Amino acid sequence: MTTEASLEGDRHNTREKEELFQWAKQWYPVAVVDFLDPSRPHALQLLGKDIVLWRDGSGKWRCFEDFCPHRLAPLSEGRVESDGTLMCAYHAWRFNSEGSCVSIPQSKDKQTEAKHLSNQKSCAVVYPTQECQGLLWVWAEAGTQAQLESQQCTPRIIPELRDNSDRAVQLFWNVRDLPYGWDFFMENVSDPAHVPVSHHGLVGNRYQDAKYYDMIKVREISTQEGFSFEIIPTAANIEQAVHDFQPPCHMRIVSTSKDGSKLILALYATPTRPGWCRHIGCQVLVKNEAGKIPKGLGIFGLPMPIWLGHVLASLFLHQDLVFLHYQEKILAKQRNDKWLKAVYTPNPQDKMVIAFRQWLEQRAGGSIAWDSRSSSELPAKELDKQKLFDVWTTHTQNCKVCQDALKNINRLTVFAYGAAIACFCLGVILDARSLAIKVALTTLEQTNASFLTVIPPAVVWWAFAGAFLFATGGYLLKKLSRLFYVYEFEHARND
């Protein structure tokens, strides 16, 4: 290497060390496009900013700051009109895809309206958006400069879905708002040691699989590019297992089997507001040269309807949800400037967690740069675990797929209970009619009777059996529908 090249490398390293991570100048995945209802606007938060997602007349999703410039009413409470504009529900001001106000109905006349529409103050605040790999991405800054900067950056996509589309098989996306911060999500997924313990019964066994291993750094810490670690030794059928953190929001976990196939967990966590993050994730199975696909992660790797995958995801996510929520509050109460001063991490399994906290403290300012107009205060600890286990607010109400499935399940439930009542009533009627006919025949001393006059007991019992089966089906469907609203879990009872 020449002296000039060496000096340039040194300068690059110096900039890398001195430059802090710019939280707002990043692409964040905020939604799965197929799960959004295009007929209405959707409220969301990003870095403490209130934003609204909506689809315009050209079929493209847009992101505005969630207020109307007129009187600051939330645009997310408005409507998407048939002409592809977003209407404020307060005074019917309408905005096009570029954020320009195109209609002020209460204007004195067309000339006055045109004058007011030409004023920059009538415009909505617009954030750059793009759709990529089924996700809707939002750039966390608004304005002309942000539009230019966003075009110079690419989202943290899954390269296998772009480069090996014929060999890569993507399973369903899942979306969930979680009641703990972005940093605790990333810390959690940087820590494979917790998996067999916290997810006992689903992925591993807390008594048999909590074993020693080391974590070896594969990629050095970089402000912009993150870092990665490899697990050694791996499971018997795994050649290599690598956890790769790519800021601001992507954790990529790649397990390469000895036959060359790969299982990729693509995990995203978008910081929405203090104490909360939005998790979006999927599994990607990559075939080997022989076309063999690896096994997916437990039951979540099985082929199933998307809505069922979303329902079953609670079984996994709720296993560490509560203690992560409380862990965040406990750390905040410690009031230590340095994370390492508050914890005791003697085992090599914690190396990646330590590296993540070092990246956050040394390269990213120590915490997320929340919007200056929002509170950075951590919300109080939620003592009502029923609220922590809420699925409706954190997923179902924002997922069109699950809402449609829930409607169908509710219809089937009503049908099942209706069929059970009908079968029971039919059984009672047939039983009563059979008894009445028997009494009449006995009174008339008639011994010969046809099938039409004497109902076999088996028919009556089949009617009652049908009532029982339909009622059981209705009960099970009702229990299934409850999983769209809440799913409770307790480690003390998970044997």
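I counted the aromatic pairs first, and the structure holds 18. Rings of Phe, Tyr and Trp (its six-membered ring) pair if their centres lie within 6.5 Å; planes under 30 degrees apart count as stacked, over 60 as edge-to-face and the rest as tilted.

I looked up Phe 245 and Trp 359, an edge-to-face pair with 5.2 Å centre to centre and 80° between the planes. Phe 245 lies in strand 16 (residues 238-246) and Trp 359 in helix 9 (residues 351-363), so the pair ties together parts 114 residues apart in sequence. Helices (H or I, at least four residues) and strands (E, at least two) are DSSP runs, numbered from the N terminus. Phe 245 and Trp 359 are both buried, meaning under 20% relative accessible area, with exposed over 50% and partly exposed in between (1.4 Å probe, protein chains only). One aromatic cluster includes these two along with Trp 23 and Trp 182.

This is a predicted model: local features need pLDDT of at least 70, side-chain atom pairs count only at pLDDT 80 or more, and totals for chains, interfaces and linings use all residues. Residues are numbered from 1 along each chain as its sequence is written, and side-chain values use heavy atoms, with hydrogens and water left out.

Of its 85 residues, Trp 23, Leu 53, Trp 182 and Trp 359 touch the most other members. Strand 18 (residues 262-273) gives the most to this core, six residues.

How values were computed. A nonpolar core is a set of buried Ala, Val, Leu, Ile, Met, Phe, Trp, Tyr and Cys residues joined through side-chain atoms within 4.5 Å.
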